[in-house]
Amino acid sequence: MMDNYRDENRTEGQENEVFLTKENDQNPSYSARNVIHDQEKKKRGFGWFRPLLGGVIGGSLALGIYTFTPLGDHDSQDAAKQTSSQQQTQSVTAKSTSSESNKSSTGSSSSSAFKSEDSSKISNMVEDLSPAIVGITNLQTQSNSSLFGSGSDSSEDTESGSGSGVIFKKENGKAYIITNNHVVEGATSLKVSLYDGTDVTAKLVGSDSLTDLAVLQISDDHVTKVANFGDSSDLRTGETVIAIGDPLGKDLSRTVTQGIVSGVDRTVSMSTSAGQTSINVIQTDAAINPGNSGGPLLNTDGKIVGINSMKISEDDVEGIGFAIPSNDVKPIAEELLSKGQIERPYIGVSMLDLEQVPQNYQEGTLGLFGSQLNKGVYIREVASGSPAAKAGLKAEDIIISIKGKKINTGSELRNILYKDANIGDTVEVKILRNGKEMTKKIKLDQKEETPS
C-alpha cells in the first residue's frame, strides 16, 4: 500500500509546500507557507545639511529614536539628558517607555520559554512512552489452488489488515496489549511489531465486539516500557491530547499527532459483528488515520485516557476522531484478562428496530396504530429455552420498554441490558401484542458459548 504514496516538494518564490499525497486521493493537501519579510531598515544620517538645527531639537530627535528603536544607546541618552530640564523630563519618559518595552519583551520571552518548555515536556513524554506502543498485523489463511487441478492445494497466512496497540501490563514473563477488536477480528494469527524492530507472535487472550476491545499476550523478552491508564473522567474540553500509532502500516510506525479534546461523553452508533451498538467516546481533532486504531490517546502526563477507535471520514468532514475512554477500557481489559470474554445478560431474541418494518405490515399484521407505530423493537425470533421464551415472549411481539425505560431501538435495549442489569436479575419488560400492552418478567441468564 505504501508504494501508492509519494512526497512532493515544490518551491515557488517565498512559498515552500510539502505534500503527502495518495494516487487518486480527493482529500486536499495542506501547505506550509513561509513568508520572508525584509527587516533591513534604512538608516538616515544627520550630516552637513542639518547644522542649523538646535541642540534641543537634535536631542529630542535622539530621544525619539531611542524610544522607538530597541537599539538605542543608553550612554547617548544620558548625554542628551544633560542639555535641558525639558530634555531631562523627556529622558525620564523615554526611560519609562524603554522600561515598559523591556517588560513586554521579557514577558514575550517568558511566554516563548513557557511554550518551549511545554513542547519539550510533550517530546520527552513521547520519547519515554514510545517503546510501549506496538504495531499489530492481522494474518488470515488464504487457500492457493494448484494450476490445472494438478498437485495438492496449499494455504498460507497473508496480511489482512493492521493496526496499533499499547502495552499496559507486564508480569510473570508475559506482556499484555490492549487494542481494538476490529484490528484482530477474524485473524488466523497475529504479529506484533515492537519498538526495537522485533516482530513477535501474539496470542489473543480475549476480545469483545460490542466495546470494540481486545487483549493480546506476548513474551516480555523485548518489552522495556509499560503505559499506565489515566482517569478519563478528568478530561476537559480543550485539553491537549496526543495520539500515537501506525497510520497506513509499519512504514509510518509510531506517528505522533497532537490535538485537543473536542468533546467528552459523546455517544456514537457503531456497527459490529455482534450487531449495531452505541458506545461512549471522547471526540478529538488529533489526526487518527487507518492503522491508528487500537493505539493510545494520551494526556500530556503520558497516561492513557482513551483507545483510538474510529473517525468520520466523509469528504466534507475534517478532524473528528473518537477514542474509547480509559475508564470504560480498564474494566473490560481486566475481565478479558481474567475470563477471556465479557459475560453479559442474555434474553434470547433476534430483533429488528420497528421503524425498519414497513408501516402497512405494522398496521395490518402486527395490529399497531397511532402512536404505537415505529416505536420499539420487533422480535423476529425467540430462542427455544431462552429467558425470553420462559417469560412468555413470542415472535412478532414489540418490546417498548425494559426496566422502566422506554426504548425505540435494539441498540438502546442492549445498552440498558448490558450496563444497568446483571446476570440473575429479574427485569420487567413491556411489550405490544396485537396492539395491546402487556408486562412480562424475564430472569436474565448468561448465554451459553458455542463450542469452537
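Residues 24 or more positions apart account for 58% of the contacts in the protein chain with a separation of 6 or more. The model described here is predicted. Its protein chain has 8 helices and 22 strands, and 38% of the 452 residues count as buried.

**Contacts across the sequence**

Two buried residues illustrate contacts between separate parts of the chain. Met125 belongs to helix H3, which spans residues 85–129. With a relative accessibility of 8%, Met125 falls under the 20% limit and therefore counts as buried. Between Met125 and Asn299 there are 174 residues of sequence separation, yet their C-alpha atoms are 9.7 Å apart in space. Beyond the residues up to four places away in sequence, Met125 touches Ile242 as well as Leu298, Asn299, Thr300, Asp301 and Gly302.

Gly321 lies in strand E14, residues 321–325. Its relative accessibility is 3%, so Gly321 too counts as buried. The C-alpha atom of Gly321 is separated by 7.9 Å from that of Asn308, a residue 13 positions away along the chain. When neighbours within four places in sequence are left aside, the contacts of Gly321 are Ile282, Gln283, Thr284, Ile288, Met310 and Lys311.

**The second largest pocket**

The second largest pocket holds about 880 Å³ of space. Its lining comprises 33 residues, and those nearest the centre are Leu210, Ala274, Arg344, Tyr418 and Lys447. By class, the lining consists of 12 nonpolar, 12 polar and 9 charged residues. At least two lining residues come from each of four elements: strand E7 (199–208), strand E15 (345–346), strand E16 (349–353) and helix H8 (410–420).

Within strand E7 is Asp208. Is this residue, Asp208, buried or exposed? Asp208 counts as buried because its relative accessibility is 6%, under the 20% limit. The side chain of Asp208 makes a polar contact of 2.6 Å with the side chain of Thr211. Apart from residues up to four places away in sequence, Asp208 touches Asn181, Leu213, Ile342 and Arg344. Of these contacts, Arg344 is also one of the residues nearest the centre of the second largest pocket.

Helix H8, another contributor to the pocket lining, is capped at its N-terminal end by Thr409. In this cap, a side-chain oxygen of Thr409 lies 3.2 Å from the backbone nitrogen of Glu412. The buried residues of H8 are Gly410, Ser411, Leu413, Arg414, Asn415, Ile416 and Leu417.

Why is strand E18 (residues 398–402) described as largely enclosed by the rest of the structure? The reason is that 5 of the 5 residues of E18 are buried.

| Partner of E18 | Sense | Bridges |
|---|---|---|
| E17 (377–382) | antiparallel | 2 bridges |
| E19 (residues 405–406) | antiparallel | 2 bridges |
| E20 (residues 426–433) | antiparallel | 4 bridges |

Individual residue pairs locate these strands relative to one another. Val377 has Ile399 of E18 as its bridge partner. Ser401 has Lys430 of E20 as its bridge partner, while Ile402 stands opposite Lys405 in E19. E18 and E19 form a hairpin with 2 residues between them. In the turn of this hairpin, Lys403 has a positive phi of about 55°.

**Residues with positive phi**

Most residues other than glycine have a negative phi.

Asn374 is placed in the loop between helix H6 (359–364) and strand E17 (377–382), the latter being a partner of E18. The relative accessible area of Asn374 is 31%, so this residue is partly exposed.

Technical notes: Residues numbered from 1 in each chain as written. Predicted model: local features only at pLDDT ≥ 70, side-chain atom pairs only at ≥ 80, totals over all residues. Heavy atoms only, no water. 1 Å grid on protein atoms, 1.4 Å probe; cavity = no way out; pocket = protein on both sides within 12 Å on 5 of 7 lines; lining within 4 Å. Points joined across faces, edges and corners; volume = space filled by probe spheres on them. Nonpolar A, V, L, I, M, F, W, Y, C, P; charged D, E, K, R; others polar. Buried < 20%, exposed > 50% of the residue type's maximum accessible area, 1.4 Å probe, protein only. Polar contact = N/O pair within 3.5 Å; in protein donor to acceptor, adjacent residues only side chain to side chain. Contact = heavy atoms within 4.5 Å. Pairing = 2+ DSSP bridges.
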